[in-house]
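Reader: I would like a close look at a single part of this model, and then at what surrounds it. Please keep it plain and define the terms.

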Amino acid sequence: MTSHLVLGAGPVGTALALRLAQAGRPVAVVTRSGGGPEHPRVERIVLDATDATALAEAARGADVLYNCANPGSYATWERGWPPLAAAALHAAETSGAVLVTLSNLYGYGPLKRPMTRDLPLAASDHKGRLRARLWEEALAAHRAGRVRVTEARASDYIGPSVPASHGLLPMYAAATLAGKPATVMADPDQPHTWTAVDDVVSTLIALGADDRAWGSPWLVPSNPPATVREVLRELGTRAGTGEPRLRRMPRGVLKAGGLVVPLLREALGVMYQFDRPFVADAAETSNVFDVRPTPWGDVLDATATVWRARAVA
């Protein structure tokens with residue numbers, strides 16, 4: 001019988017399913033394609049997770065449902081996220097499973113101080129307002145006694161399994177680790193929190209297993225902030241590619257591109273995260289659940305090897 005149901009087989013969903021399976025727990029992974037890790041304790045289910053009825057059937061008997069799915073690019077969030085979140089909430093309610101949703105920090109909006117989980121949600125663009133609204137809907141269901149929910153909020157991912165298409169840092173690294181200049185969209189010298197995929201997984205598992213987590217959001221413990229330039233430099237040192245060469249794209253050029261390229265237009269809405277310090281303080285998560293970030297050197301060692309090989313392939 002499946003005790004853990006994972007939606008999505010991206011970097012986090014895949015790593016989560018493997019961690020659970022290796023710990024001896026039966027896991028099912030839901031994707032449209034039937035993807036996911038190969039392991040004797042992992043069942044791969046072909047299913048559209050926005051189909052509330054089918055997802056509820058798949059969740060029957062599950063103890064924890066982890067929503068690690070992503071409905072696509074920024075441009076599709078408004079139409080992709082609401083049915084996915086609603087189906088996951090329905091599946092958790094009908095099955096009795098705890099719903100653990102993987103989220104981000106967009107809902108807090110621009111801040112002049114480090115983010116903590118209890119800060120009000122004051123998003124400045126539609127993507128952050130959407131994620132905030134979905135959390136409020138889940139929280140309302142929790143408070144009504146219909147379901148048990150919690151949410152893990154992570155910053156930008158770092159780790160060997162993160163594809164070049166999943167964020168600005170791996171995109172820049174695809175150039176610098178190939179020995180080429182990288183064009184950056186914002187100030188590369190602002191402190192920024194980076195979250196290791198393995199630490200996201202540790203947090204998700206902890207939140208699903210501990211009733212102290214339910215009814216609240218929690219930030220994923222991460223290492224001290226580092227600038228884009230510092231991370232690329234440290235990756236380059238490990239990969240033997242030397243100092244990164246960075247060229248900053250003028251904001252006017254980025255805005256002009258946003259008029260015709262939807263992805264650039266959506267990126268502008270969250271560029272504040274790189275124009276100023278973007279720092280998350282997850283000390284409370286560490287204190288309550290004893291989840292600690294992976295040592296930064298270990299994260300960089302593992303990441304540099306894989307990202308360098310990918311850059312020159």
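Is Ile45 buried or exposed?

Author: This is a predicted model, in which local features need pLDDT of at least 70 and side-chain atom pairs count only at pLDDT 80 or more, while totals for chains, interfaces and linings use all residues. Residues are numbered from 1 along each chain as its sequence is written, and side-chain values use heavy atoms, with hydrogens and water left out.

Ile45 is buried, because its relative accessible area is 17% (buried means under 20%, exposed over 50%, partly exposed in between, with a 1.4 Å probe and protein chains only). Ile45 belongs to strand E3, residues 42-46 (strands, E, of at least two residues and helices, H or I, of at least four are DSSP runs, numbered from the N terminus). Leaving aside neighbours within four places in sequence, Ile45 is in contact with Leu5, Ala28, Val29, Val30, Thr31, Gly34 and Ala58 (contact means heavy atoms within 4.5 Å). Between the C-alpha atoms of Ile45 and Pro181, which are 136 residues apart along the chain, the separation is 42 Å.

Leu5 leads on to another residue. Tyr66 touches Leu5 too, along with His4, Val6, Leu7, Leu16, Leu20, Val100, Leu204 and Ile205, not counting residues up to four places away in sequence. In the largest nonpolar core, which has 59 residues, Tyr66 is among those that touch the most other members, as are Val12, Leu16, Ile158, Trp194, Leu204 and Val231 (such a core is a set of buried Ala, Val, Leu, Ile, Met, Phe, Trp, Tyr and Cys residues joined through side-chain atoms within 4.5 Å). Helix H6 supplies the largest share of this core, seven residues. A second, separate core has 44 residues, including Ala49 and Val270.

H6 (residues 197-209) also packs on helix H1 (residues 11-22): their axes come within 9 Å and cross at roughly 60° (axes are lines fitted to C-alpha atoms, for helices over the stretch in contact, and angles run from 0 to 180 degrees between N-to-C directions). H1 and H6 are therefore oblique to each other (under 35 degrees counts as roughly parallel, over 145 as roughly antiparallel, 65 to 115 as roughly perpendicular and the rest as oblique). Among the residues that meet are Val12, Leu16 and Leu20 in H1 and Val201, Leu204 and Ile205 in H6.

Helix H5 (residues 168-176) has seven of its nine residues buried, so it is largely enclosed by the rest of the structure. Leu169, Tyr172 and Ala173 are among the buried ones.
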